[in-house]
Amino acid sequence: MYGEPIRDESTPVHPGRTRQPGKHARSPFTSLYSSGGSTSVGPKFFYLKHPFTSVIGENVDPELTERFTNWLYIRSDKVSRRRKYYFSKKDNQIKPWLDFGCEKIDKKDWFYDLAHPGQVINNTHIDVIMYYLRKRGKYGPNNNTRFTTTDCLFKTKIERIYDKFISSPPEQRYSVVKPEDDVGEYILGYRILANVAWDLVDYVLMPVNLVENFHWLLLVFDIKDRQLYVYDSMVRANRHKTVETLVDKFSIIIPLYLSCTGFYGKRKDINFKSTKAYIEKPVTDPLDIQWMVAEIPQQKEGSVDCGVFVAAFAEYVSLGDLAIPKEDLSDIDQHRRRYGALLWDYATKKQEDGSISESEVTGRLARRKGAPAKNERTRVQRKKK
């Protein structure tokens, strides 16, 4: 009606600022720009929180197991039997790498060591499994038991502070233990991804690697009963003294940190006058120790399956089963295949979907790995005062 608008009288539309996600929230498989321009996209979160959607002891989908087995052993027959490694250097590469949150895996032999009979699993296998057990405990399903876990480094932290504690003069020993120490951070719910403060759980699952003895075991702290359960899949007389000495270190140091971090003031279910395990017992007394022998399965003599047993023990305890039927772990190789198949399937699906997992960074750890999780910011700020 009024003719063409004069260019100088047309108000341009301000495009505004397009924010891009930070590097810690960005998937390496998600394109930030479309091919034809600069349209920014945010990170896409994976719809599955963890791979343990089925209960241990249930059969894994046979088709999944077959797909995983075919992927794992493809071209493995091309490698000379005289070679030390199972895969050639080229076939061993996983490109792009698989992201497990706490670990990034770019070698196929990581899965081979986990899933193939007679192989030794290492700290990264246990840390990945414990990480996803913590996530299952937070998000479900099958999360009726309140628990958390530590990682494999926790043992080193305990031993280090124990040596410092014992070597100090008696009148100065308790000043060695401080809430800001690494052990205190674990208890407060910091330090590792997807951690939960110990005052919010009933059990703490602690994997222990006895490097000098080439052996794994699991310690379970039952908070209500003030008990430290020892899950050892191969009890030997020549190793028992070493294990006993190590377990004593945990039983001595943990109560000291519970006291200095204000743990008991947060637990309404613990009364030092009426809770049986705590009646007339000083808060810094060592924990009671219970050796689980008759209640759990034992591995075969000469086998190197102790790490897989620890993973399975932890999964059963996370479901509230402190005693584990021996027949449930009679075929430990089946559990190896289950862990390998579930982890591989989860990571490949997340990769194919171009997704990432939500940030599981907790308080103190966030200072080194990015911004603190939203529900942890208040706690961190309160800690600074």
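Biologist: What is the overall content of the protein in helices and strands, and how much of the protein is buried?

Modeller: The predicted model has 10 helices and 7 strands. Buried residues make up 47% of the 385 residues. Among contacts between residues at least 6 apart in sequence, 69% join residues at least 24 apart.

Biologist: How do you know that the length of helix α3 agrees with its number of residues?

Modeller: Helix α3 covers residues 123–139, which is 17 residues. After the helix comes Gly140, with a positive phi near 80°.

Biologist: What makes α8 a largely enclosed helix?

Modeller: A residue counts as buried when its relative accessible area is under 20%. In α8, 15 of the 21 residues are buried, so the helix is largely enclosed by the rest of the structure.

Biologist: Why is Ala341 called buried?

Modeller: Ala341, a residue of helix α8, has a relative accessible area of 0%. The cut-off is under 20%, and Ala341 is therefore classed as buried. Neighbours within four places in sequence left aside, Ala341 is in contact with Leu64 and Phe68. Leu64 is 277 residues away along the chain, yet the C-alpha atoms of Ala341 and Leu64 are separated by 6.8 Å.

Biologist: Why are α1 and α8 called roughly perpendicular?

Modeller: Two packed helices are described by the angle between their axes and the distance between the axes. The axes of α1 (residues 62–73) and α8 come within 9 Å and cross at roughly 85°. Angles of 65 to 115 degrees count as roughly perpendicular, and α1 and α8 are therefore described in that way. Leu64, Arg67, Phe68 and Trp71 of α1 meet Arg337, Gly340, Ala341, Leu342, Trp344 and Asp345 of α8. By class, the residues of this contact are 6 nonpolar, 1 polar and 3 charged.

Biologist: What is the angle between α3 and α8, and how is it classed?

Modeller: The axes of α3 and α8 come within 12 Å and cross at roughly 70°. That value lies in the range of 65 to 115 degrees, so α3 is roughly perpendicular to α8. On the α3 side the contact is made by Val128, Ile129 and Tyr132, and on the α8 side by Tyr339, Leu343, Tyr346 and Lys350. These residues divide into 6 nonpolar, no polar and 1 charged.

Biologist: What makes β3 and β7 the edges of the sheet?

Modeller: The sheet is open, with 5 strands in the order β3-β4-β5-β6-β7 and mixed pairing. Both β3 (147–149) and β7 have a single partner strand, so one side of each lacks a neighbour in the sheet. Direction ignored, neighbouring strands are turned by 25° against each other on average.

Biologist: Which helices lie against this sheet?

Modeller: Helix α3 lies across β3, β4 (203–210) and β5, and runs at about 155° to β3. Helix α7 (residues 306–318) also packs on the sheet, where it touches β3, β4, β5 and β6; its direction makes about 15° with that of β5.

Biologist: In what sense does β6 pair with β5 and with β7?

Modeller: β6 pairs with β5 (residues 215–222) in the antiparallel sense over 5 bridges, and with β7 (residues 288–292) in the parallel sense over 5 bridges. Asp222 stands opposite Gln227, Val220 has Tyr229 as its bridge partner, and Val230 is partnered by Trp291 of β7. The hairpin of β5 and β6 has 4 residues between the strands, and in it Arg226 takes a positive phi near 50°.

Terms used
Residues numbered from 1 in each chain as written. Predicted model: local features only at pLDDT ≥ 70, side-chain atom pairs only at ≥ 80, totals over all residues. Heavy atoms only, no water. Helix = DSSP H or I, 4+ residues; strand = E, 2+ residues; numbered from the N terminus. Expected span 1.5 Å × (residues − 1). Pairing = 2+ DSSP bridges. Axes fitted to C-alpha atoms, helices over the stretch in contact; angles between N-to-C directions. Parallel < 35°, antiparallel > 145°, perpendicular 65-115°, else oblique. Contact = heavy atoms within 4.5 Å. Nonpolar A, V, L, I, M, F, W, Y, C, P; charged D, E, K, R; others polar. Buried < 20%, exposed > 50% of the residue type's maximum accessible area, 1.4 Å probe, protein only.
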